[in-house]
Amino acid sequence: MFNKNKIKLQSAFEFLITYGWVILLIAIIISLLFTFFKISNSANNTCNIQDIFLCNKVFASINSSTNTIFLYFNLTNQQPYPIENAIIIANINNQNTTKVICSPSFVKTGSYLYCNINTGLNVTPGTILSGKLYLNFSNCGLIANYLATKNCANAPNQMVLGQFFVHTS
């Protein structure tokens, strides 16, 4: 009887050595596929723009009556001077949008800038959009006597570039 148990144990051990690596490989592949699928469906909306701005939030929504996409960007002015008259253009999946005036028109250091773009593009919910941002604004810091006058009139324009990745909802 002891011999039968030893033979069964030896057979089980040989089975695990022979096929264990296959079972382990299948488990790894399944876990990788699950992880990849989960990440691709729940990827965060992201945007970044040159260091003088912080992209706090980006999201896209679909107008149910027209099926067009609206993109919303919330940026913070991180440079030491205010800006004026910001205009944003987004290149979405290699298609340009029209220029949109952001608000407010005067943004102090550390304050928010809101840019809402009606893209005119028709897509289904859950579509992934990506592209480039072009933000053009009057930079008060480029006026030689701004600190003395606090007058931003006739400030030179500056353009900064960024990128975004967003799911429609």
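In what order do the elements of the chain run from the N terminus on? I read them off as α-β-β-β-β-β-β-β-β-β-α-β. The count I noted is two helices and 10 strands. The model I am working from is predicted.

**Entry 1: overall dimensions**

I looked up how spread out the chain is. The radius of gyration is 27 Å, whereas the globule rule gives 15 Å for 169 residues, so the chain is more spread out than a compact globule. Along the principal axes, I have the C-alpha trace spanning about 100 × 40 × 20 Å.

I then looked at burial and surface. Of the 169 residues, 30% are buried. The chain exposes about 11,000 Å², and 61% of that area comes from carbon and sulfur atoms. For contacts with a separation of 6 or more, I noted that 67% are between residues 24 or more positions apart.

**Entry 2: helix α1**

Which residues form a nonpolar patch on the surface? I found F15, L16, Y19 and I23, which together have about 440 Å² of accessible area. L16 sits in helix α1, which covers residues 2-41. Its relative accessible area is 55%, so I logged L16 as exposed, the cut-off being over 50%.

**Entry 3: aromatic pairs**

I searched the whole structure for aromatic pairs and got six. One of them is F59 with Y72: the ring centres are 4.7 Å apart and the planes are at 25 degrees, so I filed the pair as stacked. F59 belongs to strand β2 (residues 53-62) and Y72 to strand β3 (residues 68-77). The two residues are 13 residues apart, and the pair links distant parts of the chain.

Are these two residues buried or partly exposed? F59 is partly exposed at a relative accessible area of 33%. Y72 is also partly exposed, with 24%.

Next I took Y81 and Y146, an aromatic pair that is edge-to-face. I have 6.2 Å centre to centre and 85 degrees between the planes. Y81 lies in the loop between β3 and β4, and Y146 in helix α2 (residues 146-149), so this pair ties together parts that are 65 residues apart in sequence. On accessibility, Y81 is partly exposed at 26%, whereas Y146 counts as buried at 6%.

I also checked for clusters of rings. F59, F70 and Y72 form one aromatic cluster.

**Entry 4: L75 in strand β3**

I went back to strand β3 for L75, which is found there. Why did I log L75 as buried? Its relative accessible area is 0%, and buried means under 20%, so the label applies.

What is L75 in contact with, leaving aside its neighbours within four places in sequence? My list has I49, F53, L54, C55 and N56, then S111, Y112 and L113, and also L135.

I also looked up the distance from L75 to F13. Their C-alpha atoms are separated by 61 Å, and the two residues are 62 residues apart along the chain.

**Entry 5: recap**

How values were computed. Residues are numbered from 1 along each chain as its sequence is written. This is a predicted model: local features need pLDDT of at least 70, side-chain atom pairs count only at pLDDT 80 or more; totals for chains, interfaces and linings use all residues. Side-chain values use heavy atoms; hydrogens and water are left out. Patches are made of residues with over 30% relative accessible area and no salt bridge: like charges are joined within 9 Å, nonpolar side chains (Val, Leu, Ile, Met, Phe, Trp, Tyr) within 5 Å. Accessible areas come from the Shrake-Rupley method with a 1.4 Å probe; for residues, only the protein chains shown count as cover. A salt bridge is a side-chain nitrogen of Lys or Arg within 4 Å of a carboxyl oxygen of Asp or Glu. Helices (H or I, at least four residues) and strands (E, at least two) are DSSP runs, numbered from the N terminus. Buried means under 20% relative accessible area, exposed over 50%, partly exposed in between (1.4 Å probe, protein chains only). The radius of gyration is taken over C-alpha atoms; the globule rule is 2.2 Å times the number of residues to the power 0.38. Contact means heavy atoms within 4.5 Å. Rings of Phe, Tyr and Trp (its six-membered ring) pair if their centres lie within 6.5 Å; planes under 30 degrees apart count as stacked, over 60 as edge-to-face and the rest as tilted.
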